[in-house]
Amino acid sequence: QVQLQESAPGLVKPSQTLSLTCTVSGVSMTMDDYYWTWIRQPPEKGLETIGYIAYDGRTYYNPSLKSRISISSDTSKSQFTLQLDSATPEDTARYYCVLGTGHPDLNFGSWGQGTQVTVSS
């Protein structure tokens, strides 16, 4: 059974870099057709896909965030990481790490519990 667990600081100051890590258990991160995805939900808004790193290391970034984000993985630790630069209060959201399969129309079948991140001075 796949399990995902996010870790992140709860509070980040504006202009700082936000870093989140997802630890994966129960499956190899290099399984074919696995897309390790970050999704967020700002308060009172819908879900937004931030991007993913694929089983083979390819990455996809949401065009609206592309200039500020980077997703990487360390398969030896079964972890993948999101870095978001120049954080603003608009980046306040609950952040989820998610396993997607069935590219290109990804099915997000396994979710972490999410972690709340607030950007505020």
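**Notebook: loop residues**

I looked up G46 and found it partly exposed, at 47% relative accessibility. Partly exposed here means between buried, under 20% relative accessible area, and exposed, over 50% (1.4 Å probe, protein chains only). This is a predicted model, where local features need pLDDT of at least 70, side-chain atom pairs count only at pLDDT 80 or more, and totals for chains, interfaces and linings use all residues. Residues are numbered from 1 along each chain as its sequence is written, and side-chain values use heavy atoms, with hydrogens and water left out.

I placed G46 next. G46 sits in the loop between β4 (35–41) and β5 (48–54). Strands are DSSP runs (E, at least two residues), and helices are runs of H or I with at least four residues, numbered from the N terminus. Then I checked its contacts (heavy atoms within 4.5 Å). With neighbours within four places in sequence set aside, G46 touches R40 and Q41.

I turned to D33. Its phi is near 70°, which is positive, and D33 is not a glycine. D33 belongs to the loop between β3 (18–25) and β4. I noted D33 as partly exposed, with 25% relative accessible area.

I went on to S86. S86 is not a glycine either, yet its phi is positive, at about 50°. I found S86 in the loop between β8 (79–84) and β9. Its relative accessible area is 42%, so S86 is partly exposed.

Last, I looked at a peptide bond. The bond from H103 to P104 is cis, with omega near 10°. P104 is in the loop between β9 (93–101) and β10 (107–111).
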